[in-house]
Amino acid sequence: MLNFVNKLFGSSSKRILKQYEPIVNKINNLENNISKLNDGELSKKTSYFKNLLSEKKTLEEILPEAFAVVREVSKRTLNLRHFDVQLIGGMVLNSGKIAEMKTGEGKTLVATLAAYLNCLDDKAVHIITVNDYLAKRDSEWMGEIYKFLDLKVGCVNSNTNHDIRYKEYDCDIVYATNN
């Protein structure tokens with residue numbers, strides 16, 4: 001009976017994922033133009049987006065272009081391109097939901113999308129990892145994307161000196177542990 005109902009109405013997960021398809025298509029349609037920008041033009045996108053937000057645009061309105069920019073910067077700095085499913089994961093995170101992903105599916109890369117978008121509002125974004133090693137690794141590895149886009153990246157772990165913590169927490173994006 002459940003299988004019949006799912007065929008007739010679709011599962012709730014499929015319906016939720018389907019709502020993201022048009023936005024994924026917008027991001028993909030921007031890829032060709034974004035890839036033509038030189039490094040200087042691409043790094044200036046952060047101030048461009050902040051300006052749009054100051055002119056009363058919303059994060060949701062700039063999301064497709066911001067995600068396309070992060071995807072392109074990731075390709076240039078890390079040689080990693082976000083897959084469509086990872087773009088959806090970024091949108092899920094941005095909407096305040098949890099995106100469950102298995103090991104190796106790119107959680108670390110997915111977080112860059114929502115983190116970048118949300119720090120454009122001049123609020124620090126904290127990315128919490130489970131241990132000091134991951135906080136340090138991810139702040140350095142994914143930090144290449146953020147630094148390219150003229151953002152400051154910090155890392156706080158159990159060994160971070162009290163005085164240094166203030167400096168690290170003053171960054172746009174901060175990687176930290178949950179202890």
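Q: The bend at a residue is the angle between axes fitted to the seven residues ending there and the seven starting there. Where is the kink in helix α6 centred?

A: On glutamate 65, where α6 (residues 59-78) kinks by about 35°. Helices here are DSSP runs of H or I, at least four residues, numbered from the N terminus. Bear in mind that this is a predicted model, with local features needing pLDDT of at least 70, side-chain atom pairs needing 80 or more, and totals for chains, interfaces and linings using all residues. Residues count from 1 along each chain as its sequence is written, and side-chain values use heavy atoms, leaving out hydrogens and water.

Q: Is α6 mostly covered or exposed?

A: Buried means under 20% relative accessible area, exposed over 50%, partly exposed in between (1.4 Å probe, protein chains only). In α6, 15 of the 20 residues are buried. Just after α6, asparagine 79 has a positive phi of about 60°.

Q: How many aromatic pairs does the structure hold?

A: Rings of Phe, Tyr and Trp (its six-membered ring) pair with centres within 6.5 Å; planes under 30 degrees apart are stacked, over 60 edge-to-face, the rest tilted. There are two pairs here. Tyrosine 48 and phenylalanine 49 are tilted, because their planes sit at 55°, with centres 5.4 Å apart. Phenylalanine 49 also pairs edge-to-face with tyrosine 116, at 6.3 Å and 75°.

Q: Which residue has its charged end over the ring of tyrosine 48?

A: Lysine 45, 4.4 Å from the ring centre. The test is NZ of Lys or CZ of Arg within 6 Å of the centre and within 35 degrees of the ring normal. Tyrosine 48 itself is partly exposed at 35%, while phenylalanine 49 is buried at 0%.

Conventions: Helices (H or I, at least four residues) and strands (E, at least two) are DSSP runs, numbered from the N terminus.
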